[in-house]
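Hello,

Here is the structure I promised to pass on to you. Please have a look at it first, and then read my notes below.

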Amino acid sequence: MKRANDFVVGLTILGAIVAIAAGIVFMKQADIGQRKTQFIARFRDVGSARPGTPVVIRGVRSGRIESMALADGGWVEVRMSLDPAVRLPENPVVLLNEASVFGEWQATVLGRDGVPRDADVQRQLADAAQGGTVLPGATLPDIAKLTAVAGRIAGDVASVAERFEVAFDDRAATELRGSIRNFSDLSSVLARTVREQSRNLDSVSGDVRAGVQSLAHAAGQLERVVTRFDSSTSRGEVDKVVSDAADAARQLRQASRNLLTISEQVGKSQERLHSFIVGSDSIVTRINRGQGSLGLLVNDSSLYRNTDSLLKEFRSFLADLQRNPKRYIQVRIF
Amino acid sequence: MRSRALIESLGRYANAAVEGLGRTGRFAADTGRAVVDVGTWAPVATFHARTLGVGSLPIASYIAMFTGVVLALLASYAFTRAVPLYFVGTLVQKTITMELAPVLTGLALAGRVGAKIAAELGTMKVTEQIDALETLTYDPFAYLVLPRVLAGTVMFPVVVGIAMVVGIGAGWLASVALLDLTTVEFFKGARLFFLGFDVEYGLVKSASFGAVVTFIGCREGMLARGGAEGVGQAATRTVVYSAVMILVLDAFWAVVWLLGRQT
């Protein structure tokens, strides 16, 4: 019975030890008996990284931080182990950064070319690169630092608000109240002005609307003219008009030349008329003086009377001729 | 006159408290002195280890299993979208390992083991079996108390360790079966903040619980008087004192071991 008790108790204890040990190994992802590639990086500050923090290469978990220790010159040397199959990138550096906003950290191994262009990170890496065989490392700011900065900003805002509170005393409040009252009056006047101007604006807008309509009408007409012009152009009417105009101009030039010739001839005729008038004038003058036959005819009344009686006799002769033509005219064919 | 009676009652209570403290101290000293009597306690220690420890595995596993399930569901309910769901694994691992497995198992075993010890020893006391052992030159502390206390101290961490495994496993199964969580995600969260210290803390705490529960059970049983009623009172006091002391020790270890510790 006692041996049975011993066996059962021993088995239970052994089982519990195995279960707990297996659980710890599983949870810590420990590799028992597997060789690891190890390297050391140095940092000024390791943030919240600690032994067990995963080492990540190109986003893939490839190892873990094994230990970290303070070193001379204000450095922290961090020893990391990598899976044997993993190769470090060219010119490697190590960045310690938060893996998420919930406080998880990771060590990211990457090439120098892939380092963020942050001045502080570059300065840390340049400083740590003088460590010989040790890889240079830098620590990115964590959420706590960012929130600390945000906290400082909030503090500044609070101090500004406090100053504002100090400056905003009773007098300022009174002045502010007066300003608000003035602003209220001003807004009333402004509202009234706006109402009045809105009426003017209504009429102006009516005029503008009419003007716009006229413009629209004119634009329509212009469009029609342009359309017509366009159609005329397309049918060749304009060419014809231009051609006709050219003909007209040519004829006009010809007419003007003819007119010039006529005017020259008129000038000559005028000269001849002038000499004719001068000659007529001398004739009229001689008639008025009673010189010559016509002068005697104009100035001697007996001649007029003789002529008049002659005309009367000629008129009676014509009348008799019409009444008795055979008395005066005899027509014979053979 | 009335104030005099009040002061007298105060003195009486103080005297009783000091007397109880002294009796407990003397009981502890006698138990410690019995450690050297290996020939007496060693043969029966494994029997008590089996009775107290192995016999408690089913109830401890049962409690841990349902605790893990409830904890996973509670965590998924409590986490908003701002918190990734894989933190269910973190919560289950940390809470089961460091707090719930030791404390709930301790409370359960306070009822099962502590009451059993108090009843056994109380019955032996009121039936004068312990006096008979002393007559036979057996040291009752070496034969009755020390093997039980040692068994409790050793076997409580064993039971709690298995309860931890069962609890986390149940939480994992519940997360995979009932929540939108994969095995990889659950164990990603469980590993996220896992430290060997978590297990160490839980096991050491449970060892202290085992020592206290068995010690209180032995003390109350050995001091039992008045027949069956006295035995019942001893069992009741054992459960109550054990539960109180488990919570006191829980706070004690948290203050001593967690306060100011940087993970």
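Chain B is built with nine helices and zero strands, where helices (H or I, at least four residues) and strands (E, at least two) are DSSP runs, numbered from the N terminus. Please keep in mind that this is a predicted model, in which local features need pLDDT of at least 70, side-chain atom pairs count only at pLDDT 80 or more, and totals for chains, interfaces and linings use all residues. Residues are numbered from 1 along each chain as its sequence is written, chains are lettered from A and ligands numbered from 1 in the order in which they are written, and side-chain values use heavy atoms, with hydrogens and water left out.

The C-alpha trace of chain B spans about 65 × 55 × 35 Å along its principal axes. Of its 263 residues, 48% are buried (under 20% relative accessible area; exposed is over 50% and partly exposed lies in between, with a 1.4 Å probe and protein chains only). Among contacts (heavy atoms within 4.5 Å) in chain B with a separation of 6 or more, 85% are between residues 24 or more positions apart. Chain B exposes about 12700 Å², with carbon and sulfur atoms supplying 68% of it; accessible areas come from the Shrake-Rupley method with a 1.4 Å probe, and for residues only the protein chains shown count as cover.

**The cores**

Which residues touch the most other members of the largest nonpolar core? They are F27(B), L121(B), L144(B), V145(B), C218(B) and M222(B), in a core of 47 residues. Such a core is a set of buried Ala, Val, Leu, Ile, Met, Phe, Trp, Tyr and Cys residues joined through side-chain atoms within 4.5 Å. Elements that give two or more residues to this core include α1 (2-28) of chain A and, from chain B, α4 (87-126) and α8 (196-222). The largest share, 12 residues, comes from α6(B). Apart from this core lies another, of 23 residues, with I20(A), M27(A), A75(B) and L181(B) among them.

M222(B) is worth a click: leaving aside neighbours within four places in sequence, M222(B) is in contact with F27(B), L121(B), K125(B), I130(B), P140(B), F141(B), L144(B) and V145(B).

**A loop residue in chain B**

D37(B) sits in the loop between α1 (2-33) and α2 of chain B. Is D37(B) buried or partly exposed? It is partly exposed, because its relative accessible area is 28%. Not counting residues up to four places away in sequence, D37(B) touches D139(B) and A142(B).

**Chain A: helices and strands**

Chain A has seven helices and seven strands. Buried residues account for 19% of its 334 residues, and chain A exposes about 24600 Å², 60% of it from carbon and sulfur atoms. For contacts in chain A with a separation of 6 or more, residues 24 or more positions apart account for 50%.

Strand β4 (residues 75-82) of chain A is mostly covered, with six of its eight residues buried. Strand β1 (residues 37-43) of chain A runs antiparallel to β4(A), joined by seven bridges, and T37(A) stands opposite L82(A). Two strands pair if DSSP finds at least two bridges between them. Strand β3 (residues 60-71) of chain A is also antiparallel to β4(A), with eight bridges; S67(A) has R79(A) as its bridge partner. β3(A) and β4(A) form a hairpin with three residues between them, and G73(A) in the turn has a positive phi of about 75°.

Best wishes
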